[in-house]
Amino acid sequence: MNRIYLVGYMGAGKTTAAKRLAHRLGWDHYDTDALFEEKYHISVDDFFHKYDEALFRKLESQILQSTENLENAVISTGGGTPCFNDNMVWMNAHGMTIFIKISSQTAVNRIVNSKKKRPLAEDKTEAELATFVEKHYGARMSFYEQAQHVVKGEDLDLEIVVELLNKSIDL
């Protein structure tokens with residue numbers, strides 16, 4: 001397996017962890033949201049406002065499947081990517097998957113303090129966001145838990161991830 005897919009909820013730190021892991025391994029990093037924005041010349045946030053989530057999820061799956069040809073790549077995915085169009089099954093078949101698991105409260109804290117626009121979390125008070133995240137994250141958990149490995153996202157220790165990889169693939 002020369003592709004690693006990082007999955008998890010909004011604010012889990014997938015992109016940051018993927019960049020650090022790719023650097024540590026001497027591999028390349030790709031982010032499915034960035035690949036989407038590059039291909040379609042529109043931000044994910046603007047796309048959600050202009051079109052709808054169903055179309056986004058269809059195109060997102062195509063972007064994900066385009067990573068099949070990447071070698072020595074760590075790929076961070078959008079928070080919803082594993083939850084649609086059998087994407088989690090596809091990622092498990094085409095690489096190693098790692099779920100970066102955080103608590104709902106950590107997700108809320110990170111989303112509130114993030115500079116990144118999150119279409120599904122916009123226009124909510126912190127209390128509304130907490131209620132939304134609890135329900136939304138819970139609904140997505142069964143998809144995330146299909147990952148081959150789970151790591152704790154709060155204070156993520158990259159060496160634990162590297163150790164997992166060393167046991168699973170020949171680096």
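This is a predicted model: local features need pLDDT of at least 70, side-chain atom pairs count only at pLDDT 80 or more; totals for chains, interfaces and linings use all residues.
Local features need pLDDT of at least 70, side-chain atom pairs count only at pLDDT 80 or more, and totals for chains, interfaces and linings use all residues. Residues are numbered from 1 along each chain as its sequence is written, and side-chain values use heavy atoms, leaving out hydrogens and water.

Q: Why is H4 called roughly parallel to H5?
A: Helix H4 (residues 53-65) and helix H5 (residues 87-94) pack at about 5 degrees, with axes 11 Å apart. Angles under 35 degrees count as roughly parallel, so H4 is roughly parallel to H5.

Q: What makes the contact of H4 with H5?
A: Ser61, Leu64 and Gln65 of H4 meet Asn87, Trp90 and Met91 of H5. Contact means heavy atoms within 4.5 Å.

Q: What makes up the lining of the largest cavity, by class?
A: Its lining has 8 nonpolar, no polar and no charged residues. Ala, Val, Leu, Ile, Met, Phe, Trp, Tyr, Cys and Pro count as nonpolar, Asp, Glu, Lys and Arg as charged, and the others, Gly among them, as polar. The lining residues are Leu6, Ala17, Leu21, Ile98, Ile100, Leu156, Leu158 and Val161. The volume of this cavity is about 30 Å³.

Q: Which residues lie nearest the centre of the largest pocket?
A: Met10, Gly11, Lys14, Lys116 and Arg118 do, out of 34 lining residues. The pocket volume is about 640 Å³. By class, the lining has 10 nonpolar, 10 polar and 14 charged residues. H1 gives the most, with 5 residues.

Conventions. Axes are lines fitted to C-alpha atoms, for helices over the stretch in contact, and angles run from 0 to 180 degrees between N-to-C directions. Helices (H or I, at least four residues) and strands (E, at least two) are DSSP runs, numbered from the N terminus. Angles under 35 degrees count as roughly parallel, over 145 as roughly antiparallel, 65 to 115 as roughly perpendicular and the rest as oblique. On a 1 Å grid over the protein atoms alone, a cavity is a set of points where a 1.4 Å probe fits but cannot get out, and a pocket is an open set with protein on both sides within 12 Å along at least five of seven lines; lining residues have an atom within 4 Å of a point. Grid points are joined across faces, edges and corners, and a volume is the space filled by probe spheres set on the points.
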